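Subject: Structure handover

Hello,

Here is the structure I promised. Please open it next to this email and follow along.

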Amino acid sequence: MTSTRALYLHIPFCARKCAYCGFASWATPVGDPLMSAYARALELQLDEASDLGLVEDCETAYLGGGTPTRLGAKPLGSLVEKVMEVAAPSELTCEANPDSLSDDVLCGLCGAGATRLSVGVQSFDDRELLELGRLHNAATARERVRAAVASGLDVSVDLMCATPFQTNESWQSALREVSALGVCHVSVYPLQIEEGTPLERRYDDDPCAWNDPDVQAERMTIAQVQLESYAFARYEVASYATAGNECRHNKAYWTGLPYLGLGTGASSMLDLECYLRLMAHCSQLPEAPADAVRARLTVTTPRHELAEGACLSSLSFSLEFLSEQQAVAEDLMLGVRLVEGLRPELVLRARELYGSQFDDTIDALLSQGLLAEKSDRLAPTERGWLLGNELYGALWDLAPGEVVVARSK
């Protein structure tokens, strides 16, 4: 039997919604019984997934959100222990915000088997943090990241660029600060102004010159130059690591490995065998189309219903089914996020499936300077990084027809 290779658990609770956040997360008071009930429901679903043979080959796991550390030391530690019991991943990452990363939570994560921590710092400038709606200040961020590093976990920090009040100088200062804290991984993201968020409403009549695509590109280039000078190497479009400390869970997404997502808003990518096994257990799931080789599922069950003890067979899903030609186009599109580029065997399969259309597309991307031949691989160029949407779109356009969409019963 095949199994998924990565596991994602979505924890949709936060102390407060950030001004820019469009994720599936909700402000939830400390001690709200909803959080511990939700975590227990995920533990039960993990047991079900294990019984179905869906997680026995998992190599990585990731607890994201929301703010997983909002659960508190005991519920979070119990959930991590359950992941280790049923899946035993060699890499287990938990997201954290500085304001909820207490010493008790850190101790609980270490004791339960977590190996990595991803801390959402975003900025080391108090004015920038305030405008983003973050609860922590720069001093708290520094202190909590240092404590995380001292705990022995591999620590990653998220930083955000092209934000209100940010300058090249404050961005360079943030990059200097994070390198001095002893972390082994940094992810940098341009701010996306999501529709319906407080930030979007606040700047509705403003051209937002600080978030202009040229500013985003400049800040991402600054990050590359500066982080590489501190011995961080970029391995995908937004992430840098010191030697041997790349996030394997990140790479699972970009290399087409199947993964299972549990929790409100969580997404899965299953091969056909895993989907059929799940469908046999979950009568609400629709039959896969005859030509489907891949299924994408997103949990649509609300957090309150899930916390009432929802099992896999009672969850609601939205679904997409991909044919082999669509799945290979998706793998090409995702694979060019990686510095190492496209695997030769993927390129060979694409050429078999698409024929001259593939060669014409690759020739055009090479001539436009978006791809380059790198050893035995096709890899993105610097221009390809900065014009990612053009690169990804051209590769996805190889996929014929429309992706089949469906909903569970």
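Which residue takes a positive phi just after helix 13? It is G355, at about 60 degrees. Before going on, please note that this is a predicted model.

**Helix 13**

Helix 13 covers residues 344–354. Its buried residues are L346, V347, A350, L353 and Y354. Seen down the helix axis, these fall within an arc of 125 degrees, so they line one face of helix 13. An α-helix has 3.6 residues a turn, so residues three or four places apart point the same way.

**Helix 8**

Helix 8 runs over residues 213–229. Does its length agree or disagree with what its residue count predicts? At 1.5 Å a residue, its 17 residues should span 24 Å. The end C-alpha atoms are 24 Å apart, which agrees.

D212 caps the N-terminal end of helix 8. A side-chain oxygen of D212 lies 2.8 Å from the backbone nitrogen of D214. After the helix comes A231, with a positive phi near 75 degrees.

The buried residues of helix 8 are V215, Q216, R219, M220, I222, A223, Q224, Q226 and L227. Several elements cover them. Among them are strand 7 (154–161), helix 6 (168–180) and strand 8 (185–190). Strand 9 (233–236), strand 10 (239–241) and helix 15 (382–386) also contribute to that cover.

Now look at strand 5, residues 91–96. Five of its six residues are buried, so the strand is mostly covered.

Strand 5 runs parallel to strand 4 (residues 60–65), and four bridges join the two. L63 has C94 of strand 5 as its bridge partner. From strand 4 the chain crosses through helix 2 (residues 73–86) to strand 5, and this β-α-β crossover is right-handed.

Strand 5 is also joined by four bridges to strand 6 (residues 116–122), again in parallel. Here C94 has L117 as its bridge partner. The chain goes from strand 5 through helix 3 (residues 103–112) to strand 6, and this β-α-β crossover is right-handed too.

**Two residues to look at**

Start with S151. It sits in the loop between helix 5 (138–150) and strand 7. Is S151 buried or partly exposed? Its relative accessible area is 28%, so S151 counts as partly exposed. The side chain of S151 reaches the backbone oxygen of A148 at 2.6 Å. The S151 side chain also reaches the backbone nitrogen of L153, at 3.3 Å. Leaving aside neighbours within four places in sequence, S151 is in contact with L106 and C110. C107 is 44 residues from S151 along the chain, yet their C-alpha atoms are separated by 7.6 Å.

Then turn to E131, in helix 4 (residues 126–132). Its relative accessibility is 15%, and buried means under 20%, so E131 counts as buried. Which side chain does the side chain of E131 meet in a polar contact? It is that of Y203, at 2.6 Å. Not counting residues up to four places away in sequence, E131 touches A19, P164, F165, L199, R202 and Y203.

Best wishes

Definitions and conventions: Residues numbered from 1 in each chain as written. Predicted model: local features only at pLDDT ≥ 70, side-chain atom pairs only at ≥ 80, totals over all residues. Heavy atoms only, no water. Expected span 1.5 Å × (residues − 1). Buried < 20%, exposed > 50% of the residue type's maximum accessible area, 1.4 Å probe, protein only. Contact = heavy atoms within 4.5 Å. Polar contact = N/O pair within 3.5 Å; in protein donor to acceptor, adjacent residues only side chain to side chain. Pairing = 2+ DSSP bridges. Right-handed = clockwise from strand over helix to strand, strands pointing away. Arc of directions from axis to C-beta.
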